[in-house]
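Subject: Structure handover

Hello,

Here is the structure I promised. Please open it first, then read my notes below.

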Amino acid sequence: MLCGRWTVLNQQQLRTFDENGFLVLEKLFSSRKISALREAAVEIVEDFDIERHRTVFRTDDRDAGRDDYFFDSAENVHCFLEDGALDESGELIRPKNLAINKIGHAMHDRIPEFTAFCRQPVIGEILRDLGLEAPQLWQTMYIFKQPSIGGEVRWHQDASYLITHPASVTGLWVAIEDATRDNGCLWMQPGEHRSPLREIYRVDWETREGLLTGLDSTPWAVEKAVPVEAPAGSLVLFHDHMPHYSSVNTSSKSRHAFTMHVSDSRARWSDENWLQRPNLGVFEL
């Protein structure tokens, strides 16, 4: 019990998060709750007009390809394609259900199943255990990591893309399917959440153009990296300065995951962030 309320995380878990910068809570969510998210995501893909929108999400171009469809997803639910789903002329070469990289970024506002999942009291309590006084949910994504073509997500820190003053963002990554080394699980660098922020992505809203610029030349400590394998239903929590990565999924199995990014209301959300919510406001947890 902490400050008159029940806590979810014990002292050992809190120490692990403080020391390593991430924490895995295995099988926190029931198969029923996980299945509800998966079914809702499948329905979104079924309704998606792939002939109208063919924006590819990739990270190997240093985020140069962000467009209005991407920026507008801050308050909407948009589907983004895998690079390997299109041929050189931009024609689809995979079935639609196997072509989607991710759905984002306001699923918690727009889709009832995701709203209900994010409203679970246990999520807010965990975040308060970590020290967030009043957690605010800014973005949500459903990531497919498709078999054979699920794209690499390069080493990065979330604070590069979700800027608060002071830094306060916590990532929550829910395994919808088993995440293993074979199908592209997350990799983390224990303790490196104390390392400098390497890059920052800012948007000039007059031109609606974003630019990723370097801040610190400290190399990624890849020799310290460990795979974060997690069975379905698990929750991975991580600090916004934690370097993390996932490889291309070359296996025959997908690796579905649902992610949330939360800040503390005591921190100021940057006007230069790509993600702005002038119409929806802030989602309190």
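A network of salt bridges links D63, R66, R154 and E199. Bear in mind that this is a predicted model. In the whole structure, the search finds 14 salt bridges.

Three further pairs deserve a look.

R208 and D72 form a salt bridge, with the closest N and O atoms 3.2 Å apart. R208 sits in the loop between β9 (199-204) and β10 (209-214), and D72 sits in helix α3 (residues 68-72), so the pair ties together parts that are 136 residues apart in sequence. Both ends are partly exposed: R208 has a relative accessible area of 32%, and D72 has one of 38%.

E229 meets R181 in a salt bridge through their side chains, at 3.8 Å from N to O. The loop between β11 and β12 (235-239) holds E229, while R181 is in the loop between β7 and β8 (186-188), so this pair ties together parts that are 48 residues apart in sequence. E229 counts as partly exposed, at 35% relative accessibility.

The third pair is local. E125 and R128 make a side-chain salt bridge of 3.4 Å, N to O. The two residues both lie in helix α6, three residues apart, which is about one turn of the helix. R128 has 23% relative accessibility; buried means under 20%, so R128 counts as partly exposed.

Now stay with α6. Which residues of helix α6 (residues 121-129) are buried? They are I123, G124, I126, L127 and D129. Just after α6 comes G131, with a positive phi of about 105 degrees.

K145 has a positive phi of about 45 degrees. S148 also has a positive phi, of about 75 degrees. K145 is placed in the loop between β4 (135-143) and β5, and S148 is found in the loop between β4 and β5 too. Are K145 and S148 buried or partly exposed? K145 counts as buried, at 2% relative accessibility. S148 is partly exposed, with a relative accessible area of 44%.

There are cis peptide bonds to check as well. One joins G104 and H105, with omega about 5 degrees. H105 belongs to strand β3 (residues 100-105). Another joins H165 and P166, with omega about -5 degrees. P166 is in the loop between β6 (164-165) and β7 (170-175).

On to a sheet. In what order do the four strands of the open sheet run? The order is β5-β13-β8-β11, and the pairing is antiparallel. At the edges are β5 (153-156) and β11 (226-228), each of which pairs on one side only. From one strand to the next, the twist averages 30 degrees. β5 pairs with strand β13 (residues 244-246) in the antiparallel sense, over two bridges.

Last, the overall picture. The protein has six helices and 16 strands. Its radius of gyration is 18 Å, close to the 19 Å that the globule rule gives for 285 residues, so the protein is as compact as a globular protein of that length. Taken along the principal axes, the C-alpha atoms fill a box of roughly 60 × 45 × 45 Å.

How much of the protein is buried? Buried residues are 53% of the 285. The accessible surface comes to about 12800 Å², and 49% of that belongs to carbon and sulfur atoms. Among contacts with a separation of 6 or more, 84% are between residues 24 or more positions apart.

For a quick tour, begin at the network of D63, R66, R154 and E199. Then go to the R208 and D72 salt bridge, and on to the cis peptide bond between H165 and P166. Finish at K145 with its positive phi.

Best wishes

Terms used. Residues are numbered from 1 along each chain as its sequence is written. This is a predicted model: local features need pLDDT of at least 70, side-chain atom pairs count only at pLDDT 80 or more; totals for chains, interfaces and linings use all residues. Side-chain values use heavy atoms; hydrogens and water are left out. Two strands pair if DSSP finds at least two bridges between them. Axes are lines fitted to C-alpha atoms, for helices over the stretch in contact, and angles run from 0 to 180 degrees between N-to-C directions. Buried means under 20% relative accessible area, exposed over 50%, partly exposed in between (1.4 Å probe, protein chains only). The radius of gyration is taken over C-alpha atoms; the globule rule is 2.2 Å times the number of residues to the power 0.38. Contact means heavy atoms within 4.5 Å. Accessible areas come from the Shrake-Rupley method with a 1.4 Å probe; for residues, only the protein chains shown count as cover. A salt bridge is a side-chain nitrogen of Lys or Arg within 4 Å of a carboxyl oxygen of Asp or Glu.
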